[in-house]
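Subject: Structure handover

Hi,

Here is the structure I promised you. Please open it first, then read my notes below.

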Amino acid sequence: MHSDSAKLGKFRLDGRSAIVTGGANGIGFAIASAFALAGATVHIVDLSLDAASDAVQRIAQAGGSAKGHACNVAVKEEVDRVFGDLLTRERIHILVNNAGIAGIGRVDTTTAEDFDRVFQVNVKSVFHCTSACIGSMVKAGGGVILNMASISASSGLEDRFSYSMSKGAVLSMTYSIARDFLKQNIRCNAISPARVHTGFVDGYLAKNYPGKEAEMFEKLSAAQPIGRMGEPEEVANLALFLCSDEAGFLTGVDYPLDGGFVNLR
Ligand SMILES: NC(=O)c1ccc[n+]([C@@H]2O[C@H](COP(=O)([O-])OP(=O)(O)OC[C@H]3O[C@@H](n4cnc5c(N)ncnc54)[C@H](O)[C@@H]3O)[C@@H](O)[C@H]2O)c1
């Protein structure tokens, strides 16, 4: 959809710079690609410089412009250093807080260490990256922030206690940021996908269901009433819309992208 839209001149991001955390793989990579092909300069922030550089190369081959940065977004000092460096050189118009990890277990099978790890990566990172960018967005007269939540925030997925907790916090931060910066022309929204087919899912199946991956893949697909998982590009299409000027009237909203998961089960 984004390439057709680009031809029509809608949803363009020419002259904009965007940061996409966790942009080397999966949903983040699809978002970084869609933004770059819509004309943005994209900064891919990920754990490893090699992975980020590989993503940058794939985007360049497709005709887009991107740069890669190594940064663990769970660590405030790293975010302050990498983002601080970037912000002294250019204006950042769009921040996509996408980096995230899984957390398996119920309240009685989740260790305090697992809880903290998921909290650090999925929750603190949104705080670190947003607080690093927001001052410069205010100074520049506006910006757009998009947070990757999950249907687990509102539906409490089975055996996903810490993960659901973390995505609930992502939603609350979305509403809070949107309200506090309405007058500063900063829009903040969230996308809540159901299961999307990425390395996140494949890694989970390989680790937890060795030899039964195909069977479990079918089971996870059937959890969406529409009968399949989402594709990263489908999340990217919505992200592109929400971060474009076409979505100028939208802020403080969570968008389920879920094949009917929330309303049709
Ligand atoms: N795949 C799904 O089914 C699904 C569903 C709902 C929500 N989400 C959310 O979407 C986001 C992306 O998921 P995905 O499926 O593309 O995952 P993925 O594992 O395919 O990619 C995540 C990327 O984030 C990076 N990352 C992880 N921790 C990081 C850190 N501390 N600092 C910097 N980078 C880090 C990883 O290196 C990786 O490149 C996550 O927030 C996830 O919770 C995914």
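An oxygen atom of the ligand is 2.8 Å from a polar backbone atom of I27. That is a polar contact, meaning a pair of N or O atoms within 3.5 Å. The side chain of N25 also places an N or O atom 2.8 Å from a ligand oxygen. For T198, a polar side-chain atom lies 2.6 Å from an oxygen of the ligand. The protein covers 91% of the 820 Å² of accessible area that the ligand has on its own (Shrake-Rupley method, 1.4 Å probe).

Some background. This is a predicted model: local features need pLDDT of at least 70, side-chain atom pairs count only at pLDDT 80 or more, and totals for chains, interfaces and linings use all residues. Residues are numbered from 1 along each chain as its sequence is written, and side-chain values use heavy atoms, leaving out hydrogens and water.

Now the shell. There are 26 residues around the ligand (near means a heavy atom within 4 Å). D46, N98, Y163, V196 and T198 come nearest. By class, the shell holds 14 nonpolar, nine polar and three charged residues (Asp, Glu, Lys and Arg count as charged; Gly is among the polar ones).

Which helices supply at least two residues each? They are α2 (26–37), α7 (161–180) and α8 (199–208). Helices here are DSSP runs of H or I, at least four residues, numbered from the N terminus. α8 gives the most, with three residues.

Domain 1 (12–193 + 230–254) and domain 2 (197–225) each give at least three residues to the shell. The bounds come from an automatic or database domain assignment.

Best wishes

Technical notes. A polar contact is a pair of N or O atoms within 3.5 Å; within protein, one must be able to donate a hydrogen and the other to accept it, and residues adjacent in sequence count only if both atoms are side-chain atoms.
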